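This report describes selected parts of one protein model in running text. Please look at the sequence and the structure before reading on.

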Amino acid sequence: MAKDSFFPISTHAKGYRSVFNEMFDNEEVREPYRQVIDWVRSMPADLVAMKHSEAEKLFRRIGITFVTYGNNDDVERLIPFDMVPRILTAREWRKIESGVRQRARALNSFLLDVYGKGEIIRAGKVPAYLVYKNPAYEHEAVGFQPPQGIFGHIIGTDIVRTGADEFFVLEDNCRTPSGVSYMLENREIMMRMFPSLFQKNRVAPIEDYPEILRRTLLSVAPAKCDSEPKIAVLTPGAMNSAYYEHSFLADMMGVELVEGQDLFVEGDLVYMRTIRGPERVDVLYRRVDDDFIDPLCFRSNSMLGIPGLMNAYRAGGISICSAPGVGVADDKAIYTFVPEMIRFYLGEEPILNNVPTYRCSQADELKYVLERVEELVIKRVHGSGGYGMLVGPTSTKQQIERFTEELKAEPEDFIAQPTLALSTTPTYVEQQLVPRHVDLRPFCLVGKSTYVCPGGLTRVAMKEGSLVVNSSQGGGVKDTWVLVE
């Protein structure tokens, strides 16, 4: 137990002794956290509880909630917010930032290639069936080169830490990575509640993210624009679990938030219905999946999309960000080949390594996984949000047996990874600070230039011993600081 604290600070807890603690090195406070631990120790327990309650009220007042679907109680829930920031040094951030940039370049090169000549497949570096038979591979995008040759404009890379200088990529999110609003609101609330902390620590700013996103979208506007390109954010509507983020980003960028029914196609151009008459839309930041954006190309019964949108897109009348078809790069089986993409397209070695991954579609790797199901993390190739996965060491015998049967029946639908000892950060739980596992999602914007927002979203597994950080599974969020040298 750390000394001189007004409320308990646990440096260790059951099951965490062999895990890298980002605040403590044994009983010593690591350098980046020294100002913060002094702040923590200076606060009486009742003040901490009051501030924690104040943060929850702010989140609720602002409207930062989410909906988990598939349960019997599909209701809005408050995302747990932890007021102790996660801190990265400038040196640590340089490695993360350069690694995320590198992956963004390689993934965009891959997407441009597989919708074009397919050179990486011809070279035997990526199996053809993983791409061309992938449900996320959109044949409507074949042969089309989007503006600037960019498919993935907003990329969220999920990163885990296992040691002082050990960072691994867990997965890449190229379609519509969520969480930016939480990242920005976490910082806003921290600055509002604890301004003195920011006076004592030089923290890299993140509040310019919406403006940089706006400029990124403008930079990939189609050539047919007559004047200043007009941006709109396409949302499925208020019932979507991420609707708060859609409206938040539209408001912060100063652009229109639209649904499919608000838009129509005429000729090769897309227009928005307004009380002033039709207004052209040049760049569509869509938060709607491929299947639903155009009923003439994809799901014919979709009420969320715009008939003829893909024709306008292929004719150069509008830019869609991120581009249709980008989801093939999100596939967890494709993820295993990103290091090879980096070597093939960039001629470089990966800065950030993948987590070792077994493709269950391969007979020898399936055999290995089936022999060790209770030791591994097993994920569905197309799963997300913490669903469709098994964390072997924390699962019941019945869960392991069920997953084993599913693995045998459809091995190509799964990958498996070792259960990593994810790093922990001190987290306020039940009136004390205890270690909880975390991951990190930095956000990378790709246009004429590439920008990685310093810090990103730290997600916290609030349950003791849990490795699942997704909000849909009870995970929380905290502010992420990058210290300026």
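Which backbone oxygen lies 2.7 Å from a polar atom of the side chain of serine 395? The backbone oxygen of valine 391 does. A polar contact is a pair of N or O atoms within 3.5 Å; within protein, one atom must be able to donate a hydrogen and the other to accept it, and residues adjacent in sequence count only if both atoms are side-chain atoms.

The model is predicted: local features need pLDDT of at least 70, side-chain atom pairs count only at pLDDT 80 or more, and totals for chains, interfaces and linings use all residues. Residues are numbered from 1 along each chain as its sequence is written, and side-chain values use heavy atoms, with hydrogens and water left out.

**Serine 395 and its sheet**

Serine 395 sits in the loop between β18 (389-391) and α15 (397-409). Helices (H or I, at least four residues) and strands (E, at least two) are DSSP runs, numbered from the N terminus. Serine 395 has 18% relative accessibility and therefore counts as buried. Buried means under 20% relative accessible area, exposed means over 50%, and partly exposed lies in between (1.4 Å probe, protein chains only). With neighbours within four places in sequence left aside, serine 395 is in contact with Leu390 and Ile400, where contact means heavy atoms within 4.5 Å.

β18 belongs to an open sheet of four strands in the order β16-β19-β17-β18, with antiparallel pairing. Two strands pair if DSSP finds at least two bridges between them. β16 (358-359) and β18 stand at the edges with a single partner strand each, so one side of each has no neighbour in the sheet. α15 packs on this sheet and touches β17, β18 and β19 (414-418). The direction of α15 makes about 135° with that of β18. Axes are lines fitted to C-alpha atoms, for helices over the stretch in contact, and angles run from 0 to 180 degrees between N-to-C directions. Isoleucine 378 has leucine 390 as its bridge partner in β18.

Isoleucine 415 is in strand β19. Its relative accessibility is 2%, so isoleucine 415 counts as buried. Leaving aside neighbours within four places in sequence, the contacts of isoleucine 415 include Lys332, Tyr358, Val377 and Ile378.

**Strand pairs**

Strands of a sheet pair through backbone hydrogen bonds, either parallel or antiparallel.

| Strands | Sense | Bridges |
|---|---|---|
| β17 (residues 376-380) and β18 | antiparallel | three bridges |
| β20 and β21 (residues 432-441) | antiparallel | six bridges |
| β8 (residues 231-234) and β9 | parallel | three bridges |

In strand β20 (residues 424-429), six of the six residues are buried, so β20 is largely enclosed by the rest of the structure. In a regular strand the side chains alternate between the two faces of the sheet. In β20, Thr424, Pro426 and Tyr428 point one way, while Thr425, Thr427 and Val429 point the other way. Proline 426 stands opposite proline 435 in β21. The hairpin of β20 and β21 has two residues between the strands, and glutamate 430 takes a positive phi near 50° there.

**A parallel sheet**

Another open sheet has four strands in the order β9-β8-β13-β14, and its pairing is parallel. β9 (256-258) and β14 (319-321) are at the edges, each with a single partner strand, so one side of each is left without a neighbour in the sheet. The twist averages 30° from one strand to the next. Leucine 234 stands opposite valine 258 in β9. Helix α9 (residues 243-253) packs on this sheet, touching β8, β9 and β13 (283-286). The direction of α9 makes about 150° with that of β9.

**Arginine 273**

Arginine 273 lies in the loop between β11 (269-272) and β12 (279-281). The backbone oxygen of leucine 263 lies 3.3 Å from a polar atom of the side chain of arginine 273. Not counting residues up to four places away in sequence, arginine 273 touches Gln261, Asp262, Leu263 and Phe264. Arginine 273 and glutamine 261 are twelve residues apart in sequence, and their C-alpha atoms are 8.7 Å apart.
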